[in-house]
Amino acid sequence: MLFSVLVILHILAATVWTGGQLILNLRVLPDALKEKSVSKVRSFEKMFEPLRVTSLAIQVISGLWLTWIYLPGGRGLFTFQTPITSLLTTKLILLAIAFALALHAQIRLIPNLNDDNLIELSWHIRSITTVSIAFVIVGAGIRLGGF
């Protein structure tokens, strides 16, 4: 029962986070780039950020818990010896990349955000969207037993 609840919470949170990233990347960002203005991005971020942070926190907690269930004590992580260890390790690497991108945004991009550095922000948005899609694909591989 616990396993099922964790998987459902993890998938719901991933849906929110990845869906939000896709909306930002495919709908909000093109308009902002066309207008050469960060205002639409700022507006979306202000509305979506609390939900994004909450969904990411749920994903991290449930994902680490599920990893512990799949690999008690973390045995086999970073070994790439089986499909499940490879996929779980890949998800942890993606998590590290996501946190590095978030840190970069908080330290370098957000404090200096203006219309002149919108292109740099667009590459950041595209990168985190790509990572979020990769999370979904790798997660599907875990549930499917590999690719």
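Predicted model: local features only at pLDDT ≥ 70, side-chain atom pairs only at ≥ 80, totals over all residues.
Residues are numbered from 1 along each chain as its sequence is written, and side-chain values use heavy atoms, with hydrogens and water left out.

Entry: Arg-27 and Asp-31. I found these two side chains joined by a salt bridge, N to O at 3.8 Å. They sit 4 residues apart in helix 1 (residues 2-35), so about one helical turn separates them; helices are DSSP runs (H or I, at least four residues), numbered from the N terminus. I checked accessibility too: Arg-27 is exposed at 55% relative accessible area, while Asp-31 is partly exposed at 24%. My cut-offs were buried under 20%, exposed over 50% and partly exposed in between (1.4 Å probe, protein chains only).

Entry: Glu-35 and Lys-40. I have a salt bridge here with its closest N and O atoms 3.3 Å apart. Glu-35 is partly exposed at 45%, and Lys-40 is also partly exposed, at 34%.

Entry: Arg-52 and Glu-49. The closest N and O atoms of this salt bridge are 2.9 Å apart. Both residues belong to helix 2 (residues 39-70), 3 residues apart, so again about one helical turn lies between them. I noted Arg-52 as buried at 9% and Glu-49 as partly exposed at 30%. Salt bridges with shared partners link Glu-45, Glu-49 and Arg-52 into one network.

Notes
Salt bridge = Lys/Arg side-chain N within 4 Å of Asp/Glu carboxyl O. Helix = DSSP H or I, 4+ residues; strand = E, 2+ residues; numbered from the N terminus.
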